[in-house]
Amino acid sequence: MELKGEYRNLAGSRYAKFLLGKLLVHGDKEIRDTIVPEFYGHVRRLIRHPEASWILDDIYRGVATTEQKHILLREWFGAEFAIFKSEGKSDKNTSILGVVLAENPEKRKPVMHALHELINMLVQKKTTGFTMLHDAMRQYMLNIKRGTEEMTEFLELLKSDEEGDLLKNLAFTQSGAAVVSTALAHGNAKDRK
């Protein structure tokens with residue numbers, strides 16, 4: 001408990017991240033419930049950090065409860081979702097992009113832009129093994145309309161990986177496999193090749 005308030009800083013440290021990893025794996029529920037909320041509001045910054053991104057994904061994939069996963073994923077939709085909590089609404093629903101866009105249709109363009117920008121940045125950096133990224137890509141893919149420029153750009157993003165690491169990494173998660181399947185279904189014959 002002496003480290004309370006410092007866990008986020010430990011995640012960004014080259015060596016201290018291993019201590020944080022051990023606390024998450026071997027610690028009890030109370031310790032995990034102390035650590036995870038320290039990352040709220042900082043997901044967009046930490047997912048870009050070379051050290052902290054791996055710990056953040058470990059938290060998301062391994063120790064976060066369903067509610068905590070929803071809170072962490074919701075931050076991918078833009079800074080507004082990291083700063084303001086939904087008032088009077090369940091956090092569970094607000095991590096589903098379709099629900100967010102249905103409640104606030106005027107926010108569609110900035111939310112989709114923020115999500116695409118973060119996905120694109122991680123793909124360009126070749127950091128595509130994150131479960132959190134795959135879940136965000138699935139939310140994005142489910143909410144773009146077929147035949148639009150958004151769909152074309154997203155398919156081009158998936159095809160732009162010459163080494164094929166993106167598609168290999170996507171195959172290992174349920175959300176990633178859904179993204180690839182949807183991309184194949186919406187793409188043309190040339191894309192499927």
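A residue is called buried when its relative accessible area is under 20%, exposed when that area is over 50%, and partly exposed in between, as calculated with a 1.4 Å probe on protein chains only. At 1% relative accessibility, His 134 therefore counts as buried. The structure is a predicted model, in which local features need a pLDDT of at least 70 and side-chain atom pairs count only at pLDDT 80 or more, whereas totals for chains, interfaces and linings use all residues. Residues are numbered from 1 along each chain as its sequence is written, and side-chain values use heavy atoms, with hydrogens and water left out.

The pLDDT is the predictor's confidence in each residue, on a scale from 0 to 100; its mean over the protein chain is 87, and 92% of the residues reach 70 or more. Over residues 86-93, however, the pLDDT is below 50, and this stretch has 11 contacts in the model beyond near neighbours in sequence, a contact meaning heavy atoms within 4.5 Å.

Helices (H or I, at least four residues) and strands (E, at least two) are taken as DSSP runs and numbered from the N terminus. His 134 is found in helix H11, and, when residues up to four places away in sequence are not counted, His 134 touches Thr 128, Gly 129, Asn 169, Leu 170, Thr 173, Ser 175, Gly 176 and Val 179. Ala 136 is also located in H11 and is buried, with a relative accessible area of 0%. Leaving aside neighbours within four places in sequence, Ala 136 is in contact with Leu 73, Trp 76, Leu 115 and Ile 119, while its C-alpha atom is separated by 9.6 Å from that of Ile 96, which is 40 residues apart from it along the chain.

Helix H10 (residues 108-124) has 17 residues and should span 24 Å at 1.5 Å a residue, which agrees with the 24 Å between its end C-alpha atoms; the expected span is 1.5 Å times one less than the number of residues. The buried residues of H10 are Val 111, Met 112, Ala 114, Leu 115, His 116, Leu 118, Ile 119, Leu 122 and Val 123. Just after H10, Lys 126 takes a positive phi of about 65°.

Two helix pairs were examined by fitting axes as lines to C-alpha atoms, for helices over the stretch in contact, with angles running from 0 to 180 degrees between N-to-C directions. The axes of H11 (residues 131-142) and H12 (residues 149-159) come within 11 Å and cross at roughly 150°. Their contact is made by Met 137, Tyr 140 and Met 141 of H11 together with Glu 150, Met 151, Phe 154, Leu 155 and Leu 158 of H12. By class, this contact has 7 nonpolar, no polar and 1 charged residues, where Ala, Val, Leu, Ile, Met, Phe, Trp, Tyr, Cys and Pro count as nonpolar, Asp, Glu, Lys and Arg as charged, and the others, Gly among them, as polar. Glu 156, which lies in H12, is partly exposed, with a relative accessible area of 41%.

For H5 (residues 52-63) and H6 (residues 66-74), the axes come within 9 Å and cross at roughly 145°. The contact involves Leu 56, Ile 59, Tyr 60, Arg 61 and Val 63 of H5, and Gln 68, Lys 69, Leu 72 and Leu 73 of H6, giving 6 nonpolar, 1 polar and 2 charged residues by class.
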